[in-house]
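Hi,

Here is the structure I promised to pass on. Please open it alongside this email; my notes follow below.

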Amino acid sequence: MLRRAVSLILLLWALGFIVFAVSLPKPMGKGASGAIVVLTGGEGRIDRGLALLRGKAAGRMLVAGVDPEVKPREFAAHYHVDAALMTCCITLGYQSVDTRSNAAEVADWVRENKLASIRLVTSDWHMRRAAWELAQRLPPTVTVETDAVTTKPTFNTLLLEYNKLIARRMVHLWGR
């Protein structure tokens with residue numbers, strides 16, 4: 001009986017991983033949001049957020065998880081952001097260091113700015129966990145639209161992310 005239960009759990013885990021790996025979230029496309037939120041840590045994320053901001057998909061953007069040593073001038077120079085856009089519309093968030101603290105930082109910023117909707121930008125393989133963590137922190141009245149940056153993740157990246165997602169959900173179910 002124990003063997004069957006373990007076999008069933010392993011089978012469900014494997015099937016879940018396959019679905020996770022072959023159905024990665026996609027870019028959102030056109031549409032406007034209250035604000036853009038970019039989580040640092042992956043190639044193309046900030047570029048995608050800036051393209052959306054410049055394209056008027058939203059009037060402001062938070063970049064969450066910026067290294068404390070990166071100054072706004074350095075950020076602007078690296079990403080070719082003019083001073084006016086940097087001043088009016090881009091907030092660099094320095095408080096988060098991982099996905100869970102990204103969600104806390106974003107939720108605080110959303111509340112401070114009284115936003116009803118945001119467009120979340122992160123890598124396709126990271127989107128499910130990032131959106132889930134954010135949903136745990138935001139009131140249900142805030143709409144989160146997901147805009148995944150398409151990547152070519154390795155098998156190990158997918159495996160690690162899938163296991164992190166399962167672990168976080170299990171911890172949440174068990175009341176931590």
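His-80 sits in the loop between α3 and α4. Bear in mind that this is a predicted model. The phi of His-80 is positive, about 55°, although the residue is not a glycine. His-80 has a relative accessible area of 69%, so it is exposed.

Lys-114 is another residue to look at. It is not a glycine, yet its phi is positive, at about 50°. Look for Lys-114 in the loop between α5 and β4 (117–123). Its relative accessibility is 72%, so Lys-114 counts as exposed.

Glu-69 lies in the loop between β2 and α3. With 66% relative accessibility, Glu-69 counts as exposed too. How far apart are Glu-69 and Lys-114 in sequence and in space? They are separated by 45 residues in sequence, and by 28 Å in space, C-alpha to C-alpha.

The largest nonpolar core holds 21 residues. Those with the most contacts inside it are Ile-36, Met-61, Val-63, Phe-75, Val-81 and Ile-90. At least two core residues come from each of β1 (36–39), α2 (45–54), β2 (61–64), α3 (72–79), α4 (83–89) and β3 (90–93). The largest share is from α2, with four residues.

Ile-90 is then in contact with Leu-50, Leu-53, Met-61, Val-63, Phe-75, Val-81 and Leu-85. There is also a second, separate core of 20 residues. Val-110, Met-127, Ala-131 and Leu-134 are among them.

Next, the helix pairs. Two packed helices are described by the angle between their axes and the distance between the axes.

Start with α5 (residues 99–112) and α6 (residues 127–137). They pack at an angle of about 50°, and their axes are 8 Å apart. That angle makes α5 oblique to α6. The crossing of this pair is right-handed. On the α5 side, the contact uses Thr-99, Arg-100, Ala-103, Ala-104, Val-106, Ala-107 and Arg-111. On the α6 side, Arg-129, Ala-130, Glu-133, Leu-134 and Arg-137 meet them. By class, the contact of α5 with α6 has six nonpolar, one polar and five charged residues.

Then α6 against α7. Their axes come within 9 Å and cross at roughly 20°. The two helices are therefore roughly parallel to each other. Here the crossing is left-handed. From α6, the contact takes Arg-128, Arg-129, Trp-132, Glu-133 and Gln-136. From α7 come Glu-161, Lys-164, Leu-165, Arg-168, Arg-169 and His-172. The contact of α6 with α7 divides into two nonpolar, two polar and seven charged residues.

Last, α1 (residues 2–22) and α7 (residues 155–173). They pack at about 120°, with axes 10 Å apart. The crossing of α1 and α7 is right-handed. Which residues of α1 meet α7? They are Leu-12, Trp-13, Gly-16, Phe-17, Phe-20 and Ala-21. Their partners in α7 are Phe-155, Leu-158, Leu-159, Glu-161, Tyr-162, Asn-163, Leu-165 and Ile-166. The contact of α1 with α7 has 11 nonpolar residues, two polar and one charged.

Best wishes

How values were computed: Residues are numbered from 1 along each chain as its sequence is written. This is a predicted model: local features need pLDDT of at least 70, side-chain atom pairs count only at pLDDT 80 or more; totals for chains, interfaces and linings use all residues. Side-chain values use heavy atoms; hydrogens and water are left out. Axes are lines fitted to C-alpha atoms, for helices over the stretch in contact, and angles run from 0 to 180 degrees between N-to-C directions. Angles under 35 degrees count as roughly parallel, over 145 as roughly antiparallel, 65 to 115 as roughly perpendicular and the rest as oblique. A crossing is left-handed if the near helix is turned anticlockwise from the far one by less than a right angle, and right-handed if clockwise. Contact means heavy atoms within 4.5 Å. Ala, Val, Leu, Ile, Met, Phe, Trp, Tyr, Cys and Pro count as nonpolar, Asp, Glu, Lys and Arg as charged, and the others, Gly among them, as polar. A nonpolar core is a set of buried Ala, Val, Leu, Ile, Met, Phe, Trp, Tyr and Cys residues joined through side-chain atoms within 4.5 Å. Buried means under 20% relative accessible area, exposed over 50%, partly exposed in between (1.4 Å probe, protein chains only). Lists of a residue's contacts leave out its neighbours within four places in sequence.
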